[in-house]
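Visitor: Could you take me closely through the pockets of this model, beginning with the annotated site?

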Amino acid sequence: MGILEGKRILVTGVLTDASIGFAVAKIAQEEGAQVVLTGFGRLSLVERIAKRLPQPAPVLELDVQNTEHLDTLASRVGEHVDGLDGVVHSIGFAPQTALGGNFLNTTWEDVATALHISTFSYKSLAVACLPLMKEGGSVVGLDFDASKAWPVYDWMGVAKAGLESANRYLARDLGKQGIRVNLVAAGPLRTMAAKSIPGFKEFEDSWPDKAPLGWDLSDTAPAARACVALMSDWFPATTGEILHVDGGVHAIGA
Ligand SMILES: NC(=O)c1ccc[n+]([C@@H]2O[C@H](COP(=O)([O-])OP(=O)(O)OC[C@H]3O[C@@H](n4cnc5c(N)ncnc54)[C@H](O)[C@@H]3O)[C@@H](O)[C@H]2O)c1
C-alpha cells in the first residue's frame, strides 16, 4: 500500500515534465493518491504533459494573480474530488529585472510581481483550498534556502525569505484546523523557472561539489518525494518546518 493511499491531492505549477510539480504528481499517484492539477497560461501544454502521468489527471486553470480563479478554485476542484488532503504550491516567478545581479536597480512594480506570485500566493492558495480541507490536511510549498544571499537570485531570494516567514504564520493560523504547513527547500534543478534566471549556471557549477551527498541537477524526484512524505501520515506533528532537500549544502560552510 502506498503512503498516500486514499488521499486527494492538488498539485500546482506543472509546466513541463521537468517541473518539480510534475514529479510530485507522478510520485503521489504511484503512492496511491488521486491527483488534480492546476496550470497557468499554457493550458494545452500542461494538459499534454498531464497525459504523461501514470493516470489521467484533470487540469484546472489557476493564475494566482487572478482573484476570480482563486475564488472559484474550491468549487472547480470539488467537481473532481470530494475534499483535499494535500495541496502543493510549486509556483514561482520574478521578472528578468529582478534577477541576475540587478538587485539595486529593480523597480517596486517588478518586485511586487515577484512577491505576489512567489510569496503571497502561498497564503492565497491555502485559503482558497480551505473549504475542501474540513478534516485537516497538509500544505507543502517549494522553497530555495533564503537564510543567505546568493549570487544572481536577488529579489527571488527576498520572495523566498517571505515565503519562509509566511510558512510559519500559516502554520500558526491553520494548526487549529488540523492543517500542517511545510516547505521543501530544494537544491538547484534544471526546470523552466531555473533556466529563466540569468547566471543560474553559477549554482549548477558549485552545488554538486559542495553537497556532502552530491547533487543531480536534473533529478526532481528527491524534492518531490519529500513533498509526498510531508503529505503522508508520517509527519503528523510537523508544521512550520523547512525540510532541506539539497544534498546537504545548507549545512556546509566554505
Ligand atoms: N528549479 C529550482 O532550482 C528550484 C529550487 C528550489 C525551489 N524551486 C521552486 O520550485 C517551484 C516550482 O518551480 P520549478 O523549478 O518546478 O519550475 P517550473 O517553471 O516548472 O514551475 C514554475 C511554475 O510556476 C507557475 N507560475 C508562474 N506564474 C504563475 C501564476 N501567476 N499563477 C500560477 N502559476 C504560475 C508556472 O506556470 C510553472 O508551472 C518554484 O516555487 C521554484 O521557486 C525551484
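Guide: In this predicted model, the UniProt record, an unreviewed entry, places the feature "binding site" at A94. That residue belongs to the loop between β4 (86-89) and α4 (108-129), and A94 counts as buried because its relative accessibility is 7%, where the cut-off for buried is under 20%. Leaving aside residues up to four places away in sequence, A94 touches L99, A114 and M156.

Turning to the pockets, the largest one has a volume of about 1,100 Å³ and is lined by 44 residues, of which S90, I91, G92, F93 and A193 lie nearest its centre. Several elements, namely β2 (34-39), β5 (137-143), α5 (154-174) and α6 (192-195), each supply at least two residues of this lining, and the largest share, three residues, comes from α6. Sorted by class, the lining of the largest pocket holds 25 nonpolar, 15 polar and four charged residues.

The second largest pocket contains about 160 Å³ of space, and its lining includes V64, Q65, N66, T67, L70 and D71, together with H116, F120, K123, S124, V127 and A128. Both α3 (67-77) and α4 supply at least two residues of that lining, with α4 giving the most, six residues. By class, the lining of the second largest pocket divides into five nonpolar, five polar and two charged residues.

Conventions
Residues are numbered from 1 along each chain as its sequence is written. This is a predicted model: local features need pLDDT of at least 70, side-chain atom pairs count only at pLDDT 80 or more; totals for chains, interfaces and linings use all residues. Side-chain values use heavy atoms; hydrogens and water are left out. UniProt positions are given in the numbering used here, feature names are shortened, and annotations may be inferred rather than shown by experiment. Helices (H or I, at least four residues) and strands (E, at least two) are DSSP runs, numbered from the N terminus. Buried means under 20% relative accessible area, exposed over 50%, partly exposed in between (1.4 Å probe, protein chains only). Contact means heavy atoms within 4.5 Å. On a 1 Å grid over the protein atoms alone, a cavity is a set of points where a 1.4 Å probe fits but cannot get out, and a pocket is an open set with protein on both sides within 12 Å along at least five of seven lines; lining residues have an atom within 4 Å of a point. Grid points are joined across faces, edges and corners, and a volume is the space filled by probe spheres set on the points. Ala, Val, Leu, Ile, Met, Phe, Trp, Tyr, Cys and Pro count as nonpolar, Asp, Glu, Lys and Arg as charged, and the others, Gly among them, as polar.
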